[in-house]
Amino acid sequence: MSAARQRATRVRERVVLRGVTAALLAAAASCFTILGWSGLAVDPSGYTRPLVMLALLVAVGGVVLRSLGLPRPVVVLLQVAGAAEALHLLWARDSATGGWLPNATSLGDVADTLDRAVTASRQWAAPVPADVTSFDPLLIAVGAVVVLLVDAYAVTYRRASLAGLPLLAAFTLPVAVTAGMRWDHFLLAAAAFLLLVAAEHLHTVGRWGRPLTGISGKERADEPPSVPTTAAMLTRNRGALVRVLAPTLLLAVAGSLVVPEGSGIFGGGGPGGSGSAEVSIENPIIDLKRDLVQGPDVNLVEVRTDDPDPSYLRISALDSFDGNTWRPSRRDLPPSQRIDGEMPDPLGLNESVQQVRHRYELSASSAFDSDWLPLPFPAVAADAEGDWRYDRETLDVTTIDEDLDTADLEYNATGLRVSPTARQLLEAPEPPSAVTEDNVALPFEDDEVPEWLAFLVDDITAGADTDFARAIALQRWFRDPANFRYSTDRAPGNGIDDLRVFLTPGPDGRVGYCEQFASAMAVMARVAGVPARVAVGFLRPDAVLPGRWLFSAHDLHSWPELYFAGVGWVRFEPTPADQAPSVPGYTAGQLPELEDETDPAASASAPTPTRSLGAEDPIASGSTEVDTEDTSPWRWLWLPALPLAALLLLGPRVLRGRQLRLRSAAGAAGGDRGAEAAWDELRATVLDLGHAWDDQATLRHQQRRLLVLLHRAPVGSRTSGTPSPEPVDRVRAGVDSVVRAVERARFSPAPVPEAQGREAWARAQDIRRALWDRSETRQRRLATWWPRSLRVGGAPEPGRTGAAGAADDQVRAVLEDNVRV
Amino acid sequence: MRTLLSSLTGRGRAFASAGVTALASAFVLGLDDLARVGVLLLVAPAVSALLLRRFRHRLGLSRRVEPVTVGVGQPVTVRLRLSCEGSAVGGILLLEEQLPYALGVRPRFVVDRAMGRWKREMTYRLRPDLRGHYTLGPMAVRVTDPLGMVESFRSFTSSGDLVVTPKAEDLPPIALAGTWTGSGDNRPRAFAGGSAEDVTIREYRRGDDLRRVHWRSSARTGELMVRREEQPWQSRATVFVDNRRRAHAGEGPASSFERAVSLAASVALHLISRGYRVRLTTAEPAGALVQQWHEHGVTATESAPLLESLAVLQLSDQLRIDTTWATRVQQGGLVVAVLGRCTASDSAALRQLRHSADHTLALKLDVAGWARHAPTAAAPRVRASEEPLGAPWLVAHGWRAAALAHDDSLPEAWRTLGATRAAAVRT
């Protein structure tokens, strides 16, 4: 062996990278969990990509720092600093000194970025639209904390199971906010976490003793024991790992089945397969285009009715607009609203309006998978099997039972054909505030309707002086072939930005299909102050037999409903004649002249409308545009507190365990340190178990104290697996030998021989066990979870100075045959 | 079920309880994704426990200690052969040999991929620092799973024995019986003569005259053999070790008693090599004594039992030296006493010892030198009436005695002993 090669070996030893496998597994676990956040935004790459990069950075940095042999807290601090600098570069590179050094301005920028992100998180419901990039920094910051915590726990401090806490917190984020995590993401994250746990355990096992490798492998004693790498241990035990992980992961992924549908409308379930010939409707407007155009024209609902024209079978009403999409508002569905025959009277409908009852027998085909029950509007009675519940205001019917859908469902309904006259609509009084409150709200900042939209609405409705006149003006404007062209070759979307493109003349402008027409008209009606919402349903069936009609996938349609007092919600049809040839009767023809005197009560009783949109601040009230899901950020804030609480709970125990391990190491080393460690441990045990210990007393006095404690009878026997209680005499002799070793360590100039120190530590363990055996369960539990020795010092035992007599007698009785003086 | 639960480690229990909590919250909140976490946390320890339960193995272990008897500081190799006729389910075996603390760190072995039928060999080495009789083993086995969720403890029952004999030093030859033959080798009476046919042979030992080598036998056996010219009957020597606790000071390996045992071993081996039949006696009554005369024959076999008895010699709580052996057995021969602290109450016993033999030699340990290192422990105050009887007293009473302090070397003291003449008390 040449000197050069020796040097080479040494160099290789010095730069050898430690904990690569664990670091990579930790990064993988973090990344996969964070990938589960992809449901929080339409375009999740804005935060997943930086976070994956950050996880890699933290992992690689950690490996390098740990391999340099830096102390653990330093490693963690440097990782935090590195991650913070990376985020700083990401958010405030322009204002930083020299392009990287933080200064007051750049830190202010970072704070602003986060502030905007928090604001955005309050403003937008998940999934946040792709163009709202100000939202991403919040998730990046939260994700960075998760990544750092997981790496610190699992790799730096080798406590892989504790890394489960930040991972769990990260996991609960999508669960609490959106439908949850995709099963494949969950599978990957869970596998990475379990492998991380296995890596830590195998790491410990590999260092516990000399590994015997290979079957029938002989191992030579003179070889220095080589410690296998974690990767090698994982590879070697892959068989056993697969046996444990495979059933665990399979059962876990299937685990979501054990929970019955409890609450929430959109709870769980992945999107239905769009490639199959099934039509699945969850958020109706989002699924509309896909079902309308892309799918095959399968038959969905068959209707038997005496209604001569059963058009406009409504599935759902979307009464909430958040700037991004129309969606059903949060429904409050108590069990009392199960459909069971009668349904409540349609909102705002007067007896004076002409109405005809029709009975419907409906049967949905097996290909129709909807959480919503298609019904004529307004329905006054319905009866279906299963837990279907109606909403009082919109009269649409949905289910909270996740397993329930419309496939193969047969049900009955009674619907009204309402035929108001144009006059009735024209003379409608002001709608009640209960209706306007929720149905004219628009998600514009400071209630400022964008100028282009306000001008457009003013332009179209110029000269119209009633709500109905304005509605008619809007409908005519949309249906005018000179203005709009019907085409399904358009990307779905009904957000404000989509509408702007749709409403503005241009290459892509003024082209769309029912989704755009309906939502644009609803928005513009709201701008004009008319309560409006979007309905989704079927347009016109094909007649198969007399009295039997068939709705198919391509009949899916969307239309606006506007509210008029005295008539209720009234259907309009802005979609051009290509798709919807006819308009409702009351909107056709000339508008009758408004005669003020015919209904003086109506106009007199109606107060002067103050329909400025500033009446309600939708953002400040925080409920209007995000109420389909609870995205209040306060709901998330307790999640990171979970690990904190767990730390508080486990902290003392972990600290005490660490102390014991350190002492055990000292004890194994023997000598002076071993003897002192043994004594310290005895002191701590006595204190932990709730007994008194006097730090000021002499060793011999403390020894007597120990002997008195040992004089008690053991309480029961401890759990199996530990050796039976030591013979009492041996334990007492042990006390003697520990005390001697300590005396020698403290008072003798020569050091305690190593073997004696080791012996003292071993004896101390026997005594410790004996002390535990002599304690009540409660004391043991306290000693385990809330060790007193970490908090209190030793105080003189109570009553020692005064009542020396009796106690000393007892002591002497105990001592007689144990201590040779 | 109970055993299943009790086999869970802290981690396993933490996982299981976290899993139950997560499942409960999932039911309460209706979050099916949380249920996945709950099932994951609950199933991982359960599957591990079930697999470990299925891990039925028949483990066999044989242990070979080489050599069985060893001197202090000499290496010992222990070979273990582990065989398993197990099931296909793998666990990780953590084996720990149970060793007395005095033998140092317990050897530990890890056997992973322990599936099916296999056989493995392992060895570990010891270098014991303390004399004594040690039990090696039994081997404790911990079976664990790769996730560290469960653990079960088992133990083999077999164990091995190891005798660590005290350290012995080579001593210079001195005139033992007080007579100088002038040959430099004061062996027991020389062979009385006779024809060559009567000559028996024995193996060569250090110090034998080269002229006595029996070349023919040497050629036949392949080992150096010498003519045996000693008498067929042997001179007898008794080595007495004072093993009373009160006579010694210090603790453990650094005590004066350990030194006394080492001296006794050196002296006994020296005497054996000088052709004496040696027996060992202590201060304890006859029952505890090593009373046999160790046969003077082949060195290795004859010294072994003696060293083994010295290896396990313990301090006794006896207050007086028991001298019944001195009165009971045949008189004559040589007594070498290794003495600790002697008080006035011992004078009678020492006188009796002196009278039991023709020649009495004493190595007197200056015990105070050991006591200094542990002033508080086991250092009885010496009262005025119990003045120790030192070497001068022994010499005055017909012993040939040499004092030995803490740092003195034995060969020096032995040489001094050879030079001392006892006072002619007894004629």
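**Nonpolar patch.** Patch members need over 30% relative accessible area and no salt bridge; nonpolar side chains (Val, Leu, Ile, Met, Phe, Trp, Tyr) are joined within 5 Å, like charges within 9 Å. Areas are from the Shrake-Rupley method with a 1.4 Å probe, and for residues only the protein chains shown count as cover. I noted that α3 (45-67) and α4 (72-92) of chain A each supply at least two residues of this patch. Helices here are DSSP runs of H or I with at least four residues, strands are runs of E with at least two, and numbering goes from the N terminus. Leu68(A) sits in the loop between α3 and α4 of chain A. Its relative accessibility is 61%, so Leu68(A) counts as exposed. My cut-offs: buried is under 20% relative accessible area, exposed is over 50%, and partly exposed is in between (1.4 Å probe, protein chains only).

**Ground rules.** I'm working on a predicted model, where local features need pLDDT of at least 70 and side-chain atom pairs count only at pLDDT 80 or more, while totals for chains, interfaces and linings use all residues. Residues are numbered from 1 along each chain as its sequence is written, chains are lettered from A and ligands numbered from 1 in the order written, and side-chain values use heavy atoms, leaving out hydrogens and water.

**Charged patches.** Next I looked for charge on the surface. Arg72(A), Arg159(A), Arg658(A) and Arg661(A) gather in a positive patch. I count Lys and Arg as positive and Asp and Glu as negative, leaving out His and the chain ends; a charge is placed at NZ of Lys, CZ of Arg, CG of Asp or CD of Glu. Arg72(A) is in helix α4 of chain A and is partly exposed at 36% relative accessible area. A negative patch is formed by Glu445(A), Asp446(A), Glu448(A) and Glu451(A). I found Glu445(A) in the loop between α13 (433-439) and α14 (451-460) of chain A, exposed at 54% relative accessibility.

**Salt bridges.** How many salt bridges are there over all chains? I get 37, taking a side-chain nitrogen of Lys or Arg within 4 Å of a carboxyl oxygen of Asp or Glu.

Arg768(A) and Glu681(A) pair at 2.8 Å, N to O. Arg768(A) is in helix α24 (residues 754-773) and Glu681(A) in helix α21 (residues 671-688) of chain A, so this bridge ties together parts 87 residues apart in sequence. Both ends are buried: Arg768(A) at 16% relative accessibility, Glu681(A) at 0%.

Arg769(A) bridges to Asp766(A) at 3.0 Å, N to O. These two are three residues apart in helix α24 of chain A, so about one helical turn separates them. Arg769(A) is partly exposed at 28%, whereas Asp766(A) is buried at 7%.

In chain B I checked Arg259(B) with Glu169(B), at 3.6 Å, N to O. Arg259(B) lies in helix α5 (residues 256-273) and Glu169(B) in the loop between β10 (160-165) and β11 (200-203) of chain B, so the link spans parts 90 residues apart in sequence. Arg259(B) is buried at 18%; Glu169(B) is partly exposed at 26%.

Back in chain A, shared partners join Arg656(A), Arg663(A), Glu681(A), Asp688(A) and Arg768(A) into one salt-bridge network.
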